[in-house]
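Have the 3D view open as you read.

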Amino acid sequence: MFNGFQGVLYRELNVFRKRAKKQIVASSLSPLLFLIAFGWGFGDRVAVNGLPYITFLIPGLICMSSLNQSFAIAQELNITRFYFHVFDEFLIAPISHVEIVLGEAAYGIFKGLLSTCLIFAYSVIFGVKLIIGPMFFLAILTHTFLFATLGITVAMLVRDHGDQATVNTFVITPMIFLSGTFFPVDKLPEIFKWLVYVLPLTYSTKVIRATLTGGDVNTLYLMLMLGFAATFFFTALWAVRRVEG
Amino acid sequence: MAVREVAVNVLEAEGLIKKFGDKTAIDGIDLRIREGDFTGLLGPNGAGKTTTIKTLTGLVKPTGGRICYYGKDFFSNPKEAKRFIGVVPQQSNVDRDLTAYENLYLHSMLHAIPKSLRKGKIEESLEFAGLQEYRDRQVKTFSGGMKRRLVLVRALLHEPKILFLDEPTVGLDPQIRKNIWGLILRINQQKGMAILLTTHYIEEAEKLCRSVYIIDKGKIIVKGSPDDLKKDMGGYVLEVFLEDRIEEEFFNSKDDALVRLKECGHACKIRQVTLEDVFIKLTGKRINV
């Protein structure tokens, strides 16, 4: 029944397995640099929202890094689609588009969770205590699913590799810097605040940070995350269908 | 192969149209492939061969027309119809990062081959392709011929009823090309699988295909068996070597051609009509360009 889903995931995980070492090392570097620069740099002289800065920062890095990894499946899809035409194998097979989207999304979630684990390891090294409960799991799963399906959508809509890079430069990077990963968005001028509350990462960061640091989870924000996830699931489905146009 | 009393239609396409923007890639194509058929789709570059294959295999949605597999509309249940289809695309689309075995295993999953049968079928395929020794090597280390053989057996793994081959030997050495043609003939003859192939190599299509469709500018110009098409042209060609070009004249018998040769006054040569002559006469183009 779910042979298509399994097949897609089998493909992605096997390709990942062969590059696992390189990928893990590469994805562990940038959060470490942020931790050294901001975490040690500021030390505990700075407190944000009543938290030591490093405790504030680590949940932000989890959001950033898992977003990067989940969304990065777009880049891989691009290569399989445009250069090696492997994606055609999925389209020709007797499997549904839902299975393709869910298979790819599951891979995106896997990559996102892997980078999350990495940062948990850093948090131990840096002596930051986090609370990991069921609400956190719900939030991180929604967060990685949301950005994986956004990644699939983008990968299916772009015409080439260059377009993909443009999306990263103009959408993903600004989002990472503005959505409360490194500082509370409420400190932003009014006009920017309006902008960041359009970006899904803003809600992810607030919810995930709250779950990890024992704050109150805003139910509306969690609902909004689920809404984004559902929306991007359907845009991904639509975009895959459009490839056959 | 035994002659079938009643050959069942595997694939029927009627009035197939595909437009990209205001460019018409295929313009009202009708096709019928029966069980065990070996059919060639010939045409110059840009004639619409690849688009036809992509449309028939569900990679591209047609703008108009109907496609049926075993009498059932393709688009009302594509999942079911796709089980009948095997595809060898023009560009090898095996996964470079996976091994030969993993590529075949992936295909067996995507095509819902029962778990208990997978291993046996994959081993059989590797043997058929002569790739057993390389089963656990990543495909990126494979030569062009090895990749092509892998794509071929992968397309057969789920035992389709019709195999689409889009320029299966393009870019290969003559020796390897022959090897691939051998495999394809065996598939058609031993398994009775219908084959639809597009090719540039017209003399090979002539040898292999029992019927051919010649297409140009998205339209079918003529269809028939290579022998009938050649007979319709007359059977014999007189090549007249003029100063700046070669002129071809067609005759129904060698004797008629001889008569003309004697009165011609230029250097001449008589030969049998080839499928390429048919093609050039009909399209005004050489195919191997």
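Start where the two chains meet: helix H1(A) packs against helix H3 (residues 100–110) of chain B at an angle of about 160 degrees, with their axes 7 Å apart. That makes H1(A) roughly antiparallel to H3(B). On the wording, axes are lines fitted to C-alpha atoms, for helices over the stretch in contact, and angles run from 0 to 180 degrees between N-to-C directions. Angles under 35 degrees count as roughly parallel, over 145 as roughly antiparallel, 65 to 115 as roughly perpendicular and the rest as oblique. Helices (H or I, at least four residues) and strands (E, at least two) are DSSP runs, numbered from the N terminus.

A quick word on provenance: this is a predicted model, where local features need pLDDT of at least 70 and side-chain atom pairs count only at pLDDT 80 or more, while totals for chains, interfaces and linings use all residues. Residues are numbered from 1 along each chain as its sequence is written, and chains are lettered from A and ligands numbered from 1 in the order in which they are written.

**Where the chains touch**

Which residues bring H1(A) and H3(B) together? From H1(A) come A:Asn3, A:Gly4, A:Gln6, A:Gly7, A:Tyr10, A:Arg11 and A:Asn14, and they meet B:Glu102, B:Leu106, B:Met109 and B:Leu110 in H3(B). Here, two residues are in contact if their C-beta atoms, placed from the backbone, lie within 7 Å. Sorted by class, this helix pair has four nonpolar, five polar and two charged residues. The classes work like this: Ala, Val, Leu, Ile, Met, Phe, Trp, Tyr, Cys and Pro count as nonpolar, Asp, Glu, Lys and Arg as charged, and the others, Gly among them, as polar.

Zooming out, the contact between the chains takes 23 residues from chain A and 23 residues from chain B. On the chain A side, helix H1 (3–42) and helix H4 (87–92) each supply at least two residues. H1(A) gives the largest share of that side, nine residues. By class, the side of chain A that touches chain B has ten nonpolar, eight polar and five charged residues.

**A helix pair inside chain A**

Now look at helix H5 (residues 97–125) and helix H10 (residues 219–243) of chain A, whose axes come within 9 Å and cross at roughly 120 degrees. H5(A) and H10(A) are therefore oblique to each other. H5(A) contributes A:His97, A:Val98, A:Ile100 and A:Val101, while H10(A) contributes A:Phe233, A:Ala236, A:Leu237, A:Val240 and A:Arg241. This contact of H5(A) with H10(A) divides into seven nonpolar, one polar and one charged.

Strands of a sheet pair through backbone hydrogen bonds, either parallel or antiparallel. Two strands pair if DSSP finds at least two bridges between them.

Chain B has an open sheet of six strands in the order E6-E7-E8-E3-E9-E10, with mixed pairing. Strand E6 (85–88) and E10 of chain B are at the edges with a single partner strand each, so one side of each is left without a neighbour in the sheet. Neighbouring strands here are turned by 15 degrees against each other on average, direction ignored.

An open sheet of three strands in chain B has the order E12-E11-E13, with antiparallel pairing. Its edges are strand E12 (246–251) and strand E13 (267–272), each with a single partner strand, so one side of each is left without a neighbour in the sheet. The twist averages 25 degrees from one strand to the next. A hairpin joins E11(B) to E12(B) through four residues.

Here are some strand pairs:

| Strand pair | Sense | Bridges |
|---|---|---|
| E6(B) and E7(B) | parallel | four bridges |
| E11(B) and E13(B) | antiparallel | six bridges |
| E11(B) and E12(B) | antiparallel | six bridges |

For landmarks, B:Tyr236 stands opposite B:Gln272 in E13(B), and the bridge partner of B:Tyr236 in E12(B) is B:Phe251. B:Phe241 stands opposite B:Ala267 in E13(B).

**The domains of chain B**

The domain assignment, which is automatic or from a database, gives domain 1 (9–224) and domain 2 (229–283) in chain B. Their centres, taken over C-alpha atoms, are separated by 35 Å. The contact takes eleven residues from domain 1 of chain B and seven residues from domain 2 of chain B.
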